[in-house]
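User: I would like to know which rules stand behind the labels used for this model. Please set each label against its definition.

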Amino acid sequence: MSTLPEHRVPFVSLDRQYRSVRDELLRAMDEVGNSGIYILGDRVASFEAAIAEFCGTRFAVGVNSGADALFLSLKHYGIGAGDEVITAPNSFIATAWVIAATGARPVFTDVGDDYNIDPERVAAAVTPRTRAIIPVHLTGRPADMDPITAIARRHDLRIVEDAAQAIGARYHGRRVGALGDTGCFSLHPLKNLGVYGDGGVITTDDEAAYHSLLKWRNHGLRNRDECEFWGFNSRLDAIQAAFATVKLARLDAWNARCREIAARYREALRGLVWVPEDAPDTEGVYHNFVIRTPRRDELMAHMQRRGVDSRIHYPIPLHLQPAAADLGYREGDFPVAERQAKEIVSLPIYPELEPSEIEQVIDAVRSFF
Ligand SMILES: *Cc1c(COP(=O)(O)O)cnc(C)c1O
């Protein structure tokens with residue numbers, strides 16, 4: 001047996017990215033400090049314009065989190081008690097609670113081999129109460145939007161994209177966030193475009209949604225003194241917008257690096273474990289690189305001994321969460337998602353991974369098999 005590596009490959013290492021852009025971030029912080037404007041304002045507006053241009057939409061609205069981006073989109077479309085919203089059962093918790101928080105019912109449908117919602121099952125889940133679909137571009141790979149869009153058109157449903165993990169990903173030449181009625185992004189530090197606190201942004205081509213969302217995020221205020229409806233406080237801080245603007249300029253390069261690392265993992269691990277591939281004419285951004293093996297728990301323990309951190313995204317499907325008990329789902333309802341939850345493991349993937357660390361990850365997996 002070879003000697004164990006001394007170096008540990010961390011699953012995330014946000015400080016590395018911070019150091020790579022530190023000078024620009026400090027300058028941005030100083031500019032915001034000197035401007036005297038700390039919530040919304042010009043810096044948020046210019047970030048919104050930059051994100052809209054990046055995604056290829058007409059508008060963007062900065063908000064407080066990815067969850068709020070989803071929640072306020074649903075509120076804008078008037079979704080609430082008595083309505084149903086279809087989504088995937090294998091996403092992060094926020095995808096489900098935002099539906100429940102409007103008073104509507106989360107309706108889950110099983111996913112495909114690629115971890116994304118299966119359009120045929122979506123079609124079968126539509127009822128007269130269905131109002132919207134939240135496709136999740138899980139792990140940074142786009143859901144198959146053409147058939148989902150066709151279903152939405154046929155039944156007059158809104159599409160609210162959960163693009164929290166997928167900023168920059170492309171589907172048939174277009175960026176995610178430009179494929180639904182609204183696109184919802186998280187600026188959480190762990191996401192591909194991460195800031196130094198919470199943040200989120202909504203993209204849209206829908207002018208009415210844009211003007212309404214500006215009010216939804218700001219107490220329902222139409223102007224300084226007049227409240228059009230009871231809204232929320234979900235504004236983006238100027239400082240986070242300034243940081244996000246600095247990082248947006250690097251995002252394509254960072255995403256390209258993650259795609260290179262994904263290609264290297266794929267080439268080295270294909271055949272040993274299930275590896276994620278890009279669907280034809282799509283480009284994922286590999287927020288996570290999620291492999292599958294029936295020996296997942298043993299593999300994770302082995303990787304840990306070989307100095308490589310790994311995680312599970314996510315071990316408990318949404319329909320089996322304690323919070324979902326009153327929805328009446330049971331184990332066995334979504335066999336694909338449930339089986340995947342037992343077999344998935346995410347490998348470290350971020351632009352600052354050193355080549356030697358990438359090889360250490362590969363060796364850790366290969367030596368197990
Ligand atoms: C991170 C995430 C969210 C929520 O984003 P926050 O900014 O943490 O609120 C929603 N959906 C998915 C798929 C996510 O990964």
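This is a predicted model: local features need pLDDT of at least 70, side-chain atom pairs count only at pLDDT 80 or more; totals for chains, interfaces and linings use all residues.

User: Why are S6 and S7 called paired?

Analyst: Strands are DSSP runs of E with at least two residues, numbered from the N terminus, and helices are runs of H or I with at least four. Two strands pair if DSSP finds at least two bridges between them. Strand S6 (residues 170-171) and S7 have 2 bridges, so they meet this rule, in the antiparallel sense. Arg170 stands opposite Arg175 in S7.

User: What makes S7 and S10 edge strands?

Analyst: Strand S7 (174-175) and strand S10 (282-283) each pair on one side only. The order of the open sheet is S7-S6-S10.

User: Which residues make the contact between H3 and H7?

Analyst: The axes of helix H3 (residues 66-76) and helix H7 (residues 207-216) come within 10 Å. Contact means heavy atoms within 4.5 Å. Leu72, Ser73, Lys75 and His76 of H3 meet Ala208, Ala209, Ser212, Leu213 and Trp216 of H7.

User: Which element gives the most to the lining of the largest pocket?

Analyst: H8 does, with 4 residues.

Key: Residues are numbered from 1 along each chain as its sequence is written. Side-chain values use heavy atoms; hydrogens and water are left out. Axes are lines fitted to C-alpha atoms, for helices over the stretch in contact, and angles run from 0 to 180 degrees between N-to-C directions.
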